[in-house]
Amino acid sequence: WPGPTVFWTSLKSDVVVETSYALEPTLASTMSFVGAGRLAARCTSTALRQFLRPASFTTSAAASSNDKVHPGDLIANNPERQEVQKNAPDQPFTELVRHFLDPKDFYNVLEENGFDFFCGVPDSLLKDFCSYVDENVPSDRHIITANEGNAIGLASGYHLATGKAGVVYLQNSGLGNCVNPLMSLATPSVYSIPMLLLVGWRGEPGKMDEPQHQVQGSCTPLLLDSLGIPYQTLPDYIEGARQAVETAKDYVNTVNGPWVLLVRRQCFFKYKSKFNQNSYPLTREEVCEHIVSSLHPDDVVVSTTGMLSRELFEYRARFQQGHHRDFLTVGSMGHASSIAMGICAGKQDRQVYCLDGDGACLMHMGTMAVAGTRSLENYRHIVVNNGAHDSVGGQDTAAVNWDSLNFSQVARGCGYRTVLEPVSEAGDIKAAVKKLKSLPGPGFLEVRCKKGNRIDLGRPTRTPVENKHDFMTFLEANK
């Protein structure tokens, strides 16, 4: 294939040798082998030659080397896909056609290439694919984990037991939870565990997103580069996706290490998942209103990542109460309780309420053991549990197992001084919050509610820095 050339640096007897491999244009246009020097330094030249073997990449649309092949041609010439293209011009501008991956087709490609085990934490950019996997893959081959590091461990264990590479899915903000197991377990220079990471690229440069995602999005390629993990952007058409998966398979089976596929916004077709509502009467937004309306104006609130913080913000706006009482944890999933504990230590005369979510609480549940063994009499921990990752597609968390997973029992076992039984009715919620306030902390309450949220739910209109300044002023002014 004529076209772009990828240069690899291999280390051999203190002599740096550059070897070039010509790649097909449709592949090279989306492939980024970052950290090449670091990768080559810990892989043999033989392994790299086997992986990047010349003329090993083919495509069904290829003709002669003089033919000009456009990525759009691969889909536009497929009658089965023409009917689902959006904004397709009549003729002949195939490069303007918008492509989308069918979650089922992409899953089949993964399975055809030997990837049959899936685990991870759902992401909004991956929600259609995750929903398909959740509803169509047997539970012994798909596990939604508490955090992303857990998923790296699960995929590693699956490889040890079967010799196969697993698929780990996550949002790029979860890469931080993965760094330790990736570097001290999966990397080729330690245990050399092959795995494919499917990473939702929130905050991709040039795309509008929330502040925390913009920061993470711009750093994602640099982070992967620093870790020495090669990555490729997942193409949004099936032929390109198949080629990307085949490349990943060649790499993980040759080098025995992690490979990343970055998934851009709107890569997948919508997948209509089955919505199984639970039997609890109130929505999370209604629960939030009942809790907050029961608090004193001087009480401090730290709210968790996702929908709950957005609903709290709108509640304050609706009643014109201002937003200074609340610290909205817009990122840092699972750390709201630690933030609240830190405030308790610094403001021991103030009642501090952490409004947590089930997914966030599970993500770093070890914090409960720390809270329970500290004398934080002003700490109140309330977990609003709907058994779902509502913000990223509604997939179940482990907390959906209402009969077997009991947060109240966990809190009691961790040493919380006051632990109330789970509630779900409006009157019971208000009474429980009042009781929680009157008893010594650390105190714990679980409130169970419905899945879902309003379609027209807005986002905070104040920046995180403005929220921080308002909040700190509130803490300082009310000594």
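Reader: Which residues of helix 12 and helix 18 meet?

Author: In this predicted model, Val287, His290 and Ile291 of helix 12 meet Ala426, Ile429, Lys430 and Val433 of helix 18. By class, this contact has 5 nonpolar, 1 polar and 1 charged residues.

Reader: Why is helix 12 called oblique to helix 18?

Author: Two packed helices are described by the angle between their axes and the distance between the axes. Here the axes of helix 12 (residues 284-292) and helix 18 (residues 426-438) come within 9 Å and cross at roughly 40°. That angle makes helix 12 oblique to helix 18, because angles under 35 degrees count as roughly parallel and 65 to 115 as roughly perpendicular. The crossing is right-handed.

Reader: Why is Ser408 called buried?

Author: Buried means under 20% relative accessible area. Ser408 has a relative accessible area of 1%, and is therefore buried. Ser408 is found in helix 17 (residues 407-414). Leaving aside residues up to four places away in sequence, Ser408 touches Val419, Leu420, Glu421, Pro422, Phe444 and Glu446.

Reader: How do you know that the buried residues of helix 17 line one face of the helix?

Author: The buried residues there are Phe407, Ser408, Ala411 and Cys414. Seen down the axis of helix 17, they fall within an arc of 125°, so they line one face of the helix. On the other side of helix 17, Gln409 and Gly413 are exposed.

Reader: What covers the buried residues of helix 17?

Author: The cover includes helix 15 (358-363) and helix 16 (366-372), together with strand 13 (379-385), strand 16 (418-419) and strand 17 (443-448).

Reader: Which residues of helix 7 are buried, and what do they pack against?

Author: In helix 7 (residues 127-136), the buried residues are Asp128, Phe129, Cys130, Ser131, Tyr132 and Val133. They pack against several elements, including helix 6 (103-112), strand 6 (166-171) and strand 7 (195-200).

Reader: How many helices and strands are in the protein chain, and how much of the chain counts as buried?

Author: The protein chain has 19 helices and 17 strands. Of its 479 residues, 53% count as buried. Among contacts between residues at least 6 apart in sequence, 77% join residues at least 24 apart.

Key:
Residues are numbered from 1 along each chain as its sequence is written. This is a predicted model: local features need pLDDT of at least 70, side-chain atom pairs count only at pLDDT 80 or more; totals for chains, interfaces and linings use all residues. Side-chain values use heavy atoms; hydrogens and water are left out. Axes are lines fitted to C-alpha atoms, for helices over the stretch in contact, and angles run from 0 to 180 degrees between N-to-C directions. Helices (H or I, at least four residues) and strands (E, at least two) are DSSP runs, numbered from the N terminus. Angles under 35 degrees count as roughly parallel, over 145 as roughly antiparallel, 65 to 115 as roughly perpendicular and the rest as oblique. A crossing is left-handed if the near helix is turned anticlockwise from the far one by less than a right angle, and right-handed if clockwise. Contact means heavy atoms within 4.5 Å. Ala, Val, Leu, Ile, Met, Phe, Trp, Tyr, Cys and Pro count as nonpolar, Asp, Glu, Lys and Arg as charged, and the others, Gly among them, as polar. Buried means under 20% relative accessible area, exposed over 50%, partly exposed in between (1.4 Å probe, protein chains only). The arc is that of the directions from the helix axis to the C-beta atoms.
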